[in-house]
Amino acid sequence: MTSRKPHREHSRAVLIGAGAYDRFDQLDPIPAAANNLDGLHRLLTRPGGALEPDNCSKMLDPPNVLAVGELITKAAEQATDTLIVYYTGHGVLDSRNNHHLHLALPKTDPDLVGWTALPIDVLKHTILYSNARTRILILDCCFSGRAINAQASGPDIAVGQVDIAGTYTITSSAATKTSYAPPGDRFTAFTAAFLDAATGHPGIALDELYLHTQQHLRRRGHPEPRRQIDNNAGRLILFPRDRPVPASQKSGIRTPPSRPAASGIRIHPNPEPPRPAASGFPTHPNPEPPRPAASGFPTHPNPEPPRPAVPALGRGIGRRRLLIGAAIAIPVTAAAAAGIKALGPPSRPTRLRGTPVAVLSGHTDSVYVVAFSPDGTTLATGAADDTVRLWNVATHQQIGLPLTGHTHGVVSVAFSLDGTMLATGSEDDSVRLWNTATHQQIGLPLTGHTDWVRSVAFSPDGTMLATGAANDRVRLWNVATHQQIGLLPTGHTNWARSVAFSPDGTMLATGSEDDTVRLWNTATHQQIGLPLTGHTAWVVSVAFSPDGTTLATGSLDDTVRLWNTATHQQIGSPLTGHTNTVWPVTFSPDGTTLATGSLDDTVRLWNTATHQQIGSPLTGHTNTVWPVAFSPDGTMLATGNEDNTVRLWNSANRQNIGLPLTGHTGSVESVAFSPDGTMLATGSRDHTVRLWI
């Protein structure tokens, strides 16, 4: 059946979150509940999203069951196209009523569950009799699988086995399993995975969205979700990837992108000492095994099972995806990632024509990242098979055995300036340093991050390493001692999503979910001046110009901004034109041109002196443009895409150079020019690396 999008005006959503409880002796707080609501609301109501902002209601910490009932009933009556109901909080069981599932609210009394919590049967009944064409129920709580017929088995329940027929139900756990809220994380484990799948794979149908969510949770060793399979609802595109053009823009009037509503609630660490928790949702380490609980939603490390040694399952939520929760991409400029000011001095103009010369096989799962050594003789590749491989660029042969030690996929790699050392970041939350001559790990892993390490970057002098991870701050390391020497940022009021060194290594830039950019002195680890403000949504990419005087930033507000790094002032007006999130921002080697890629399937080139777009957008790709790289001499641009192709562009006339480079059978995850510009390496979800000349 053909996929479809919800009708924005005829659809409704109700997002319910319970994060604070009167009976805190048995029901521990869930600080992530507020963030869960904000994150989901933001994606559903962004321009071009599934819902009009007025049609998506949030209710954090409802006063009672009646308030929830009135809100859901109203939405169920008004919705004629799609109805979405989401709950996050404690799932509690009524021991007096066959252990039926109830959704806890702030005033829920675990001893009087039937009278003080929302019965799941009442909720399902209300949804079932809605006028909506498609109904979606999403539950993020312990024992949520009880919302699906207990007699059904397996993770996917077919229609007819579910007592809420016609509704697509997704639950964060099985009927007898707890769900998980990692301590200190912005989101609960399930919602982080769900939102990250949505932002990492915009435009996919609900069935595929569920599978990506399941894959993420499985790789992390978290409880796996369950669902009701409905062949019709499963083709709904809950998070559209393209945006309709507003009527005001069609008439020649440009309206600024609207900023999604925020709850205005900031979550701070709880200063109170940890309380005993009968709910099984303690927020502190507990040496004792958790006690049986009505809700069983643990937040401390002990209940989390050890990460299983499962086969690598592909990219899952996407290495570079940055929007929410467990998946943060922290883009670093190509120069910084290689530990050099530019990708090596080009000795002659690029002569690359896109002729395939080799397919490097050996990885057994998606290739996330490719990087040339500074002298261009070696290629490093990191993949979802938990390994790094080094390749001889001249012979196209693997050099020695794979570099092993990581226990989950390798998502970031960087060579030191002299090429003698390689840094790798992984989904196992660690960083490892390798001697490129001996292929041996140098010392112990660098640990401290609490989620996937999406970025590793050597300072230009090679003495410092910056690493960034999902739901974590940027960490600075002394390369010689392997000791952490800094933890940034301390000034952002939300997670940092992007980081880049200045070319001289004296400054670090961070972009954040708080919509700001901050500059840091890498010697003192102190913030330099005031935050750079102006963006109206998360800042997801930052890049320094080659001379370090200008910083470019890309955002979810669809704009690019340029900043003077000395005065901290915005240079001119925002660069507008993209109609969706701006992912990569990349300066040409001479700094005169900025290339930007977007979810709108286009690449745009900008004159950094005049701040004007150079000609028309570069079009041709049929999906999100992520990897964007200039050749070392700046005459060529390479772009990769989820349409499995690579395109080469003449940066002067903005024309395609030849036909698209085809051969990959999976999404192109990374592209990199050799330092002399005569070769291009591409890594793909098809498990291979291809070399082109």
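**Strand 23 and its neighbours**

In the hairpin formed by strand 23 and strand 24, with 4 residues between the strands, Asp515 adopts a positive phi near 75°. Strands here are DSSP runs (E, at least two residues), numbered from the N terminus. The model is predicted, so local features need pLDDT of at least 70 and side-chain atom pairs count only at pLDDT 80 or more, while totals for chains, interfaces and linings use all residues. Residues are numbered from 1 along each chain as its sequence is written, and side-chain values use heavy atoms, leaving out hydrogens and water.

Strand 24 (residues 517–521) runs antiparallel to strand 23 and is joined to it by 5 bridges; two strands pair if DSSP finds at least two bridges between them. Within this pairing, Asn521 of strand 24 stands opposite Met507. Turning to the other partner, strand 22 (residues 496–501) is also antiparallel to strand 23, with 5 bridges joining them. Here Ala500 stands opposite Ala509 of strand 23. The hairpin of strand 22 and strand 23 has 5 residues between the strands, and Gly505 takes a positive phi near 75° in it.

Strand 23 itself (residues 507–512) is mostly covered, with 6 of its 6 residues buried, that is, under 20% relative accessible area with a 1.4 Å probe and protein chains only. Met507, Ala509 and Gly511 point one way, Leu508, Thr510 and Ser512 point the other way, and all are buried. In a regular strand, side chains alternate between the two faces of the sheet.

Key. Buried means under 20% relative accessible area, exposed over 50%, partly exposed in between (1.4 Å probe, protein chains only).
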